[in-house]
Amino acid sequence: MDIESIVLASRNEHKIEELRATLAPLGIELKSTYDFPELEEVEEDADTLEGNALKKARYVHNQTGFPALSDDTGLEVDALNGRPGVFSARYAGENASYQDNVDKLLDELADIPMERRGAQFRTVAAFVTDGDSYTFEGVCRGVIISEERGSGGFGYDPVFLPAAYTETFAELEPTIKNKISHRGKAIQKFYDWIENKKQK
């Protein structure tokens, strides 16, 4: 598989930055949707992370002609039966800010003891090229702490404490977070797959 360029199908600058950092060693030109201002915003209305990731990647691939990589991520909290899940980005409403979503989550968990605050971030990355589509999943387990800590990262990072670590995602060095995170794991699977394809 000879791939010279990939479009990162996202308008989330934090996400694009993480993807570029992980994929840079591939030596493939990494474009983003910012390079194609005519692209419309894709409505993420699928009922699964897989569905949303594939929908975004297929749209960008069809519109640009380039291979496209997209992902969708959900925070799945055990005590909330897997919520917010696919609705993580708009948990507190359609135009909710990161802070709105975190506030709602902490309110819902206010009476839940720490031993029952287990959660996982799950990312599904989708790659679409020449009519073919592939998905790669990454999961990071941890717990939701009771108050925000740290100023890095984005979204729910300040309240997510990954298993075996004493720092939240918002406190960890980006290089460490990218290595252990859900997105990091999913993109590493994609990276390994591309590397394997390049050698054939």
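The model is predicted, so to speak of local features we need pLDDT of at least 70, side-chain atom pairs count only at pLDDT 80 or more, and totals for chains, interfaces and linings use all residues. Residues are numbered from 1 along each chain as its sequence is written, and side-chain values use heavy atoms, with hydrogens and water left out.

**Exercise 1. Describe the largest pocket by its volume and its lining.**

Step 1: Settle the term. On a 1 Å grid over the protein atoms alone, a pocket is an open set of points with protein on both sides within 12 Å along at least five of seven lines, a cavity is a set where a 1.4 Å probe fits but cannot get out, and lining residues have an atom within 4 Å of a point. Grid points are joined across faces, edges and corners, and the volume is the space filled by probe spheres set on the points.

Step 2: The volume comes to about 970 Å³.

Step 3: Of the 40 lining residues, Asn-12, Lys-15, Glu-44, Asp-72 and Ala-89 lie nearest the centre of the largest pocket. Helix H2 (49-64), S3, H3 and H5 each give two or more residues to this lining.

Step 4: Sorted by class, the lining has 14 nonpolar, twelve polar and 14 charged residues.

**Exercise 2. Find the residues that line the largest cavity.**

Step 1: There is one cavity of 30 Å³ or more, and the largest has a volume of about 40 Å³.

Step 2: Its lining consists of Glu-18, Leu-19, Thr-22, Asn-178, Ser-181, Arg-183, Gly-184 and Ile-187. Helix H1 (13-23) and helix H5 (182-198) are the elements that give two or more of these residues.

**Exercise 3. Which members of the largest nonpolar core touch the most other members?**

Step 1: A nonpolar core is a set of buried Ala, Val, Leu, Ile, Met, Phe, Trp, Tyr and Cys residues joined through side-chain atoms within 4.5 Å; buried means under 20% relative accessible area (1.4 Å probe, protein chains only).

Step 2: Among the 21 residues, the answer is Leu-75, Val-77, Leu-105, Ile-144, Tyr-156, Val-159 and Phe-160. H3 supplies the largest share of this core, three residues.

Step 3: Now zoom in on Leu-105. Leaving aside residues up to four places away in sequence, Leu-105 touches Leu-75, Val-77, Leu-80, Tyr-91, Ile-144, Tyr-156 and Val-159, where contact means heavy atoms within 4.5 Å. Apart from this core lies another, of 19 residues, including Leu-19, Leu-23, Phe-127 and Phe-136.

Key: Helices (H or I, at least four residues) and strands (E, at least two) are DSSP runs, numbered from the N terminus. Buried means under 20% relative accessible area, exposed over 50%, partly exposed in between (1.4 Å probe, protein chains only). Ala, Val, Leu, Ile, Met, Phe, Trp, Tyr, Cys and Pro count as nonpolar, Asp, Glu, Lys and Arg as charged, and the others, Gly among them, as polar.
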